[in-house]
Amino acid sequence: MNLKKVIYSTLALSATVFIYAEDASKPSANSSWCENFDNAQANGQPANWQSEGSKWRVPETQCTVKDGILTIKCDKSTGGIITNPQVVDLKKTPVMRWRWRVISYPNKADGRKRRRDDQPVAIYIGTDDGAVAKKSIAYRWEGLTPVGYEGKAKYGGGILTVNYIVMRNQDSKAGEWITETRNVAEDFKRIYGQIPEKFAVNVSGNSQYTKSNTVAEIDFIEFIPAPAK
């Protein structure tokens, strides 16, 4: 398969990002797992996903499927949905590829500031080995946080720490679809020193701190082989 390899480094962004010379608007032909959001449950959530990340006395982010698109709608809310792609072996298909866009941004959100730590959309990859021991990396679409910035966020009163990487921010035009690729195995190896055998995928949106209304969409998420070097 012909491909173009684009390597960029911004601040702490050290992993390799690949742009494939295929139709960026469609899933690949060689994915080990692909969620294209074609099927919905009665509650509107995608099939085989469930709610996750709700918070007491905070409205829950709505994640619903329509016409093959997952919409993440935040109304001063937090939370998301989660699934377990058991068939994915990150040693064979280490690259996560996905297509997303933001329709509206939170007001002055900044992941570097705890009280403004909102994102219209983020995709988390986390191990399923208990809340305290859980290892997780979030690929975020931020507000003011610089692209390439890597940070840590604490949840559950500081019990759980999540490492995050800023893929996009509000410098990207609202409403524009963007296809991303990221070598998840390389990120886990660099950050945690190991590649997980099993993991969960979580999609979330947050606007609780900035008291904003935001909308983001995801077209598909898949795992594919790394390109030959």
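In the predicted model, asparagine 183 caps the N-terminal end of H1 (residues 184–192), with a side-chain oxygen placed 3.3 Å from the backbone nitrogen of alanine 185; helices (H or I, at least four residues) and strands (E, at least two) are DSSP runs, numbered from the N terminus. Residues are numbered from 1 along each chain as its sequence is written. Because the model is predicted, local features need pLDDT of at least 70 and side-chain atom pairs count only at pLDDT 80 or more, while totals for chains, interfaces and linings use all residues; side-chain values use heavy atoms, with hydrogens and water left out.

Within H1, Val184, Ala185, Asp187 and Phe188 are buried, where buried means under 20% relative accessible area (1.4 Å probe, protein chains only). Seen down the helix axis, the buried residues of H1 fall within an arc of 160 degrees, and therefore line one face of the helix, the arc being that of the directions from the helix axis to the C-beta atoms. Just after H1, glycine 193 adopts a positive phi of about 80 degrees.

An open sheet of seven strands has the order S4-S7-S14-S9-S10-S12-S11, with mixed pairing; two strands pair if DSSP finds at least two bridges between them. Strands S4 (50–52) and S11 (150–155) stand at the edges, each with a single partner strand, so one side of each is left without a neighbour in the sheet. Five bridges join S10 to S12, which run parallel, and arginine 140 has valine 166 in S12 as its bridge partner.

Methods: Buried means under 20% relative accessible area, exposed over 50%, partly exposed in between (1.4 Å probe, protein chains only). A polar contact is a pair of N or O atoms within 3.5 Å; within protein, one must be able to donate a hydrogen and the other to accept it, and residues adjacent in sequence count only if both atoms are side-chain atoms.
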